[in-house]
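Here are my notes on this one, point by point. Have the viewer open while you read.

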Amino acid sequence: MGEVIVITSGKGGVGKTTTTANIGTALASMDQKVVLIDTDIGLRNLDVILGLENRIVYDLVDVTHGNCRLKQALIRDKRFENLTLLPAAQTKDKTSVTPEQMKTLCEQLKQEFDYIIIDCPAGIEQGFRNAIAGADKALVVATPEVASVRDADRIIGLLEAAELRNPRLIINRLRPVMVKQGDMMDINDIIDILAIELLGVVPEDEMILVSTNKGEPVVLDLNSLAGQAYRNIAKRIIGEDVPLITMEAQDSFFEKFKKILGFKR
Amino acid sequence: MSKGGGIMDLFSKIMGKETSSSKNIAKERLRLVLVHDRSSVSPELLENLKEDILKVISGYMDIDRKGTEVTLNSDEKSVALVASIPVIKINRVASRNAL
Ligand SMILES: Nc1ncnc2c1ncn2[C@@H]1O[C@H](COP(=O)(O)OP(=O)(O)OP(=O)(O)O)[C@@H](O)[C@H]1O
Ligand SMILES: [Mg+2]
């Protein structure tokens, strides 16, 4: 019996889709059977991040409306055969799926997959309610900014009201150098404010842009810091005890900086 | 040597600039905004509440509607509902006609 994990944030553009693609790919690389569901109807993106945009025939709305069988809409990843995507519909609106339909769908998928990971749209409207309807657990993505943490707080309240207790936090786009300068809230500041468990910290990383250009999630790049962070998060999801990499990230940023200034290691 | 000193200056700047940091401003703003968010009370709700309170109280005493204020006061850890209602005259026998 699989586990359904929804990736939320409230605020848009903080990294939900990037996180879904990378955690999913990392879990698949660890021999887990994974399906990713894009519930951002009308603004589908997960297919592009995974480089699967050319393979889409049917979508989530086709499945819930019975236009096709569930199996027909599931797209197999290029790299991992145990990774599949159920894409969002691009031409419908968020009300074309109901929370009840999402529950049923998740129940079905749990029979076959170890992890069902749901990419939630921004906002707290129906798209959000659909995305969380069938979830067993929730992850909240936030960046170290006032607006993002504020919206995360609101989302945590709504998740708890929907009986999704103890959501875990992913802090994305942390810049260790700015934290050191005192110009960015650090991990402890954010945890203190939100009072939830931290699942992982992903540094700001240019390689994310490079990887989205190519349609290859950054976890596949063994040299990228963000990739390492996502691999660690995936390990924590399957229950491994992995220490936080923030210090590594800081050191490595610092090393790069020293190199620029002409220091030898 | 002087070049090395410059670099070290740069380093200590990066390492040690903690005072008057924008992060502390961010933290303080967040703290305040969340106190209000978490009490989840909108100005309309406060206005409605005020009307209801006035309706109830005016059955018992004459009050100065215009001078009445209903607000949420928040400090570090808590939020309190504070109503300031100037009393003009207290009726000897409460008439509940207004209700
Ligand atoms: N750690 C990171 N470092 C650098 N860029 C990042 C990082 N995380 C996300 N980004 C970039 O931020 C942008 C938004 O990311 P993403 O699409 O994953 O956010 P989202 O929360 O899914 O947005 P939406 O709310 O619109 O669905 C993308 O361009 C992505 O490449
Ligand atoms: Mg998205």
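**Notes on the model**

1. Starting with the ligand: the shell around ligand 1 divides into 5 nonpolar, 6 polar and 5 charged residues. For the classes, Ala, Val, Leu, Ile, Met, Phe, Trp, Tyr, Cys and Pro are nonpolar, Asp, Glu, Lys and Arg are charged, and the others, Gly among them, are polar. A word on provenance: this is a predicted model, in which local features need pLDDT of at least 70 and side-chain atom pairs count only at pLDDT 80 or more, while totals for chains, interfaces and linings use all residues. Residues are numbered from 1 along each chain as its sequence is written, chains are lettered from A and ligands numbered from 1 in the order in which they are written, and side-chain values use heavy atoms, with hydrogens and water left out.

2. Which residues come closest to ligand 1? Of the 16 that surround it (a heavy atom within 4 Å), the closest are Gly13(A), Lys16(A), Thr17(A), Thr18(A) and Asn172(A). As for polar contacts (N or O pairs within 3.5 Å), a polar backbone atom of Gly13(A) is 2.9 Å from a ligand oxygen, and a backbone N or O atom of Gly15(A) is 3.0 Å from an oxygen of ligand 1. Asn172(A) instead uses a polar side-chain atom, 2.9 Å from a ligand nitrogen.

3. Ligand 1 alone exposes 640 Å², and the protein buries 79% of that (Shrake-Rupley areas, 1.4 Å probe). Elements giving two or more residues to its shell are H1, strand E7 (168-174) and strand E8 (197-203) of chain A; H1(A) gives the most, with 3 residues. Helices here are DSSP runs of H or I with at least four residues, strands are E runs of at least two, and both are numbered from the N terminus.

4. Thr18(A) sits in helix H1 (residues 16-29) of chain A and counts as buried at 15% relative accessibility. The scale runs from buried (under 20% relative accessible area) through partly exposed to exposed (over 50%), using a 1.4 Å probe and protein chains only. Beyond neighbours within four places in sequence, Thr18(A) is in contact (heavy atoms within 4.5 Å) with Ile49(A), Ile208(A) and Tyr230(A). Thr8(A), in strand E1 (residues 3-8) of chain A, is buried at 0%. Among the residues touching Thr8(A) are Lys16(A), Cys120(A) and Phe128(A).

5. On packing, the largest nonpolar core has 55 residues, and Val6(A), Leu86(A), Leu105(A), Leu109(A), Ile118(A), Leu169(A) and Leu194(A) touch the most other members. Helix H7 (residues 146-161) of chain A gives the most to this core, with 6 residues. Apart from it lies another core of 35 residues, including Ile7(A) and Val14(A). A core here is a set of buried Ala, Val, Leu, Ile, Met, Phe, Trp, Tyr and Cys residues joined through side-chain atoms within 4.5 Å.

6. Two backbone spots to check. Arg173(A), in strand E7 of chain A, has a positive phi of about 65° although it is not a glycine; Arg173(A) is partly exposed at 39%. Ala195(A), in the loop between helix H9 (187-194) and E8 of chain A, has a positive phi of about 50° without being a glycine, and counts as exposed at 62%. Most residues other than glycine have a negative phi.

7. Chain B has 3 helices and 4 strands, in the order α-α-α-β-β-β-β. Of its 99 residues, 16% count as buried.

Terms used: A polar contact is a pair of N or O atoms within 3.5 Å; within protein, one must be able to donate a hydrogen and the other to accept it, and residues adjacent in sequence count only if both atoms are side-chain atoms.
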